[in-house]
Amino acid sequence: IYSLIDSSNATFKLAADVSLVELILTRSLDREQRDEYNLTLTATDKGNPSRSAAAYITVKVADANDNSPVFEKPSYDTTLAEDVPIGTSVVQVRYRRRHRHQ
């Protein structure tokens, strides 16, 4: 008999046969919401007395780059004299990539 302790409210479930147990994803993952899941898989036999063993599973969620970069301002305006030298910096545009909890 196999059981799964999953503190993520059923993000994973088990599919088991005689010699194989699979961890099945039951809903989509979002790294910005949660980047790691810690699970405990327990196997218990039907003996008398019954015996059990536990395996600890860590699932790390890789970023899918699902957030677009954000510019500091929506538009940039500048004025240049017609005689500025070639290679003059015209404007600096900064952006940031949104990450978890931003």
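**Core, salt bridge and surface patch in a predicted model**

User: Which residues make up the largest nonpolar core?
Analyst: The largest nonpolar core consists of five residues, namely Phe-12, Tyr-37, Leu-39, Val-59 and Val-61; such a core is a set of buried Ala, Val, Leu, Ile, Met, Phe, Trp, Tyr and Cys residues joined through side-chain atoms within 4.5 Å, where buried means under 20% relative accessible area, exposed over 50% and partly exposed in between (1.4 Å probe, protein chains only). This is a predicted model, in which local features need pLDDT of at least 70 and side-chain atom pairs count only at pLDDT 80 or more, while totals for chains, interfaces and linings use all residues. Residues are numbered from 1 along each chain as its sequence is written, and side-chain values use heavy atoms, with hydrogens and water left out.

User: What does Val-59 touch?
Analyst: Not counting residues up to four places away in sequence, Val-59 is in contact (heavy atoms within 4.5 Å) with Phe-12, Leu-23, Asp-35, Glu-36, Tyr-37 and Leu-39.

User: Switching to charges, how many salt bridges turn up in the whole structure?
Analyst: The search finds one salt bridge, a term for a side-chain nitrogen of Lys or Arg within 4 Å of a carboxyl oxygen of Asp or Glu. The side chains that meet are those of Lys-60 and Glu-36, at 3.4 Å from N to O.

User: Which parts does that pair tie together?
Analyst: Lys-60 lies in strand 5 (residues 52-60) and Glu-36 in strand 4 (residues 36-44), so the pair links parts that are 24 residues apart in sequence; strands (E, at least two residues) are DSSP runs numbered from the N terminus.

User: Are the two partners buried or exposed?
Analyst: Lys-60 counts as exposed at 62% relative accessibility, whereas Glu-36 is partly exposed at 28%.

User: And Thr-40, where is that?
Analyst: Thr-40 is also placed in strand 4, and at 18% relative accessibility Thr-40 counts as buried. Leaving aside neighbours within four places in sequence, its contacts are Ser-3, Leu-4, Ile-5, Ala-54, Ala-55 and Tyr-56.

User: Which residues form the nonpolar patch on the surface?
Analyst: Phe-71, Leu-80, Val-84, Val-90, Val-91, Val-93 and Tyr-95 form the patch, with about 620 Å² of accessible area together. Areas come from the Shrake-Rupley method with a 1.4 Å probe, and for residues only the protein chains shown count as cover; patch residues have over 30% relative accessible area and no salt bridge, with nonpolar side chains (Val, Leu, Ile, Met, Phe, Trp, Tyr) joined within 5 Å and like charges within 9 Å.

User: Where does Val-84 sit?
Analyst: Val-84 is in the loop between strand 6 (69-71) and strand 7 (95-97), and at 33% relative accessibility Val-84 counts as partly exposed.

Key
Helix = DSSP H or I, 4+ residues; strand = E, 2+ residues; numbered from the N terminus.
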